[in-house]
Amino acid sequence: MESAIHELSLIRDEKAKNLTNLTSRSQELQLILAELIQTYKSTKDESLKQEYSKLANERDSLQKRIEDIHVNLAEQNELIDNYNEKKEQIQANLTNLKEHEKETLLNINSFKKIQEIEKNLSTISENNYNKTLEKVQEYNAKIKATAKISIQLNQKSNQTLDDELMLSGADNKYNNEFKQNLKMEEMWNINKEKKIDTDKNRVNDLFS
């Protein structure tokens with residue numbers, strides 16, 4: 001299409017060049033005709049009328065050709081402009097088509113990539129689930145073992161505490177008993193000393 005438009009442009013340029021030549025010839029004939037009239041006025045030469053008619057006919061023919069070429073050039077210019085617009089539209093459509101094609105390829109690639117990612121995520125999720133399940137089971141086993149040991153230790157600790165409390169209660173009992181006996185012994189000694197002093201005083205009273 002571009003080559004056809006180029007050929008039309010060359011033809012148009014050639015017609016425009018021809019139009020310029022014809023216009024120049026028409027203007028030249030117009031001057032000649034004007035000179036013939038001036039010459040006829042001075043000479044009254046009848047042959048000048050025939051020459052005038054001949055050149056005037058040529059001028060009119062040129063003028064008709066010039067008008068036709070003007071019309072033809074206008075049509076060709078409009079045609080070339082339309083072709084250029086269509087060419088630009090086609091180029092825009094091709095560019096748009098290429099963009100759509102590129103976008104379609106990107107969408108296809110994206111879809112394939114999404115499928116791949118989802119597949120990987122599914123695999124990863126399954127693996128993580130299995131690993132997490134193993135960890136939970138392992139953790140539960142550790143908790144059960146720890147709980148069992150704690151129960152055993154608590155049982156032993158409670159038994160030890162009971163024993164210590166019993167021993168502590170026995171110790172308190174004998175300590176109280178010891179304190180009571182010690183106090184009674186002290187009181188007995190005090191009373192004994194008081195009695196001795198009383199007896200001495202009585203003896204002294206007898207001999208005084």
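Helices (H or I, at least four residues) and strands (E, at least two) are DSSP runs, numbered from the N terminus. With that in hand, look at the protein chain: it has two helices and zero strands. This is a predicted model, in which local features need pLDDT of at least 70 and side-chain atom pairs count only at pLDDT 80 or more, while totals for chains, interfaces and linings use all residues. Residues are numbered from 1 along each chain as its sequence is written, and side-chain values use heavy atoms, leaving out hydrogens and water.

Let's start inside. Of the 208 residues of the protein chain, 9% are buried, meaning under 20% relative accessible area, with exposed over 50% and partly exposed in between (1.4 Å probe, protein chains only). A nonpolar core is a set of buried Ala, Val, Leu, Ile, Met, Phe, Trp, Tyr and Cys residues joined through side-chain atoms within 4.5 Å. The largest one here has 12 residues, including Leu19, Leu22, Ala56 and Ile69. Helix H1 (2-43) and helix H2 (47-207) each give two or more residues to this core, and H2 gives the most, with seven.

Now follow one core member. Not counting residues up to four places away in sequence, Ile69 touches Lys15, Asn18, Leu19 and Leu22; contact means heavy atoms within 4.5 Å. Across the protein chain, 78% of the contacts with a separation of 6 or more join residues 24 or more positions apart.

Finally, move along helix H2 to Ile90. Ile90 is partly exposed, with a relative accessible area of 40%.
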